[in-house]
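Please keep the sequence and the model open while reading this briefing. The points below are grouped by topic.

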Amino acid sequence: MRIFAEMTDMEHEQLVFCHDEVSGLKAIIGIHDTTLGPALGGTRMWDYDTEEEAIRDALRLSRGMTYKSSAMGLNLGGGKGVIIGDPSRDKTEELWRAYGRFVESLGGRYITSVDVGTSPADLDLVAQETEYVGGLAHLSGDPSPVTAYGTYVGMKACMQHLTGSDSLEGCRVAVQGAGSVGYTLCEHLADEGADLMVSDVNTDRVEKVVSDFGATAVAPDDIYEQDCDIFAPCALGAVVNDNTLDRLSCRVVAGAANNQLDRDEHGVQLRKREILYAPDFVINGGGVINVAHEFHPNGYSRDLALRKVESIRDRLLEIFAVSDEEDIATNEAADRVAERRINSMARIQRIRV
Ligand code: NAD
């Protein structure tokens, strides 16, 4: 792997390799772009098959965070940590504290939080060594309810764009995945009178949504072809792909899952089929807004965070307008909106103060 070539390609500032023999820590921190502020992004712990795979994840995920924070109007850049190890086997106090010391050594250029394979309890250990940690249980805590609220607000923006009304009453919504985000999303949708269909590979989770909100259970593979207004991916990535795209029978794809499009060109194909796609890193930005509010000068306030989450609506409407004006897919429009903000802020930094 040609690391500097990859960094040049993806425009990274820094890649930090962290090693500690005592704890067995092998971690990589990707810092993509700090134009807007310190690089915020969770730490993923995963049993990677190769070191190259871990490096690629650090590069790819940190870049994604730059775009997400920019699109959310946050003064934060993009970063991501990855720890090579099995989260069910390799977690120890020494490992997290050693990692925390490396995070501290970056002097605030990188702020970490939870991601796949890490928990608030792990972060508590990291926080014993560094102040640069967000998403602690006693502060902003689990971001899922806030992500779900942002996704609900984003769905309303989609209907506003399509019909001129943001009401979801009577709207048919097919939710894929009834986990932490999917369940709370269903609650908001049911409260507004939406008609829910739900699938999950975990049948207990489906049954709970059926009994709590009167949803209709759908087999996991049948969710794609439900005749509905909104298909809401809230489970896995890459669910809009060569196999599923033609099966979709919806007007909107809007959900919380990360990396919903298998490839960028699937965004173009959705546009050709006149299906409105709410770019994932915008509609699921509630979680990062929630964590970012821990660093608010007046301290964390859930009310303030939720108010900021409501800006997802205007950001999506702006992206849909750019997509229509420039006749480009909404995922490309979202990238442009995020890049535009970074470039303007870089320009104003020329002003000496
Ligand atoms: P979760 O693990 O609590 O829920 C995911 C659910 O999807 C589980 O119930 C799982 O059984 C189900 N699932 C797995 N494979 C499936 C399949 N093939 N068909 C249907 N269901 C399936 O995760 P979560 O925290 O609710 O996150 C959901 C998605 O949103 C993930 O992609 C996550 O990366 C993304 N996301 C979450 C947050 C957050 O704040 N939690 C923030 C941004 C993005």
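This is a predicted model: local features need pLDDT of at least 70, side-chain atom pairs count only at pLDDT 80 or more; totals for chains, interfaces and linings use all residues.

T35 sits in the loop that joins β2 (25-33) to β3 (39-40).

- The side chain of T35 forms a polar contact with the side chain of D33, at 2.6 Å.
- With neighbours within four places in sequence set aside, T35 touches E13, I342, M345, A346 and Q349.

**Helices α5 and α12**

- Helix α5 covers residues 144-163 and helix α12 covers residues 311-326; their axes come within 8 Å and cross at roughly 40°.
- This angle makes α5 oblique to α12, because angles under 35 degrees count as roughly parallel and those from 65 to 115 as roughly perpendicular.
- The crossing of α5 past α12 is right-handed.
- On the α5 side, the contact is made by G150, V153, G154, A157, C158, Q160 and H161.
- On the α12 side, the contributors are I312, R313, L316, L317, F320 and D324.
- Sorted by class, the contact between α5 and α12 contains seven nonpolar, four polar and two charged residues.

**Helices α5 and α11**

- Helix α11 covers residues 302-309, and its axis and that of α5 come within 9 Å and cross at roughly 30°.
- α5 and α11 are therefore roughly parallel to each other, since the cut-off for that term is an angle under 35 degrees.
- α5 passes α11 with a right-handed crossing.
- From α5, the residues in this contact are P145, V146, Y149, G150 and V153.
- From α11, they are R302, L306 and V309.
- By class, the contact of α5 with α11 has six nonpolar residues, one polar residue and one charged residue.
- G150 and V153 of α5 take part in the contact with α11, and G150 and V153 are also among the α5 residues that meet α12.

**Helices α1 and α2**

- Helix α1 (residues 3-10) packs with helix α2 (residues 51-71) at an angle of about 15°, and the two axes are 11 Å apart.
- That angle makes α1 roughly parallel to α2.
- The α1 and α2 pair has a right-handed crossing.
- In α1, the residues I3, E6, M7 and M10 meet I55, R56, L59, R60 and R63 of α2.
- By class, this contact of α1 with α2 comprises five nonpolar, no polar and four charged residues.

**Ligand site**

- Which residues come nearest to the ligand? Of the 20 residues around the ligand, the nearest are T147, S180, V181, D200 and R205.
- A polar backbone atom of S180 lies 2.9 Å from an oxygen atom of the ligand.
- For V181, a polar backbone atom is 2.8 Å from an oxygen atom of the ligand.
- R205 uses its side chain: an N or O atom there is 2.6 Å from a ligand oxygen atom.

How values were computed:
Residues are numbered from 1 along each chain as its sequence is written. Side-chain values use heavy atoms; hydrogens and water are left out. Helices (H or I, at least four residues) and strands (E, at least two) are DSSP runs, numbered from the N terminus. A polar contact is a pair of N or O atoms within 3.5 Å; within protein, one must be able to donate a hydrogen and the other to accept it, and residues adjacent in sequence count only if both atoms are side-chain atoms. Contact means heavy atoms within 4.5 Å. Axes are lines fitted to C-alpha atoms, for helices over the stretch in contact, and angles run from 0 to 180 degrees between N-to-C directions. Angles under 35 degrees count as roughly parallel, over 145 as roughly antiparallel, 65 to 115 as roughly perpendicular and the rest as oblique. A crossing is left-handed if the near helix is turned anticlockwise from the far one by less than a right angle, and right-handed if clockwise. Ala, Val, Leu, Ile, Met, Phe, Trp, Tyr, Cys and Pro count as nonpolar, Asp, Glu, Lys and Arg as charged, and the others, Gly among them, as polar. A residue is near a molecule or strand if one of its heavy atoms lies within 4 Å of it.
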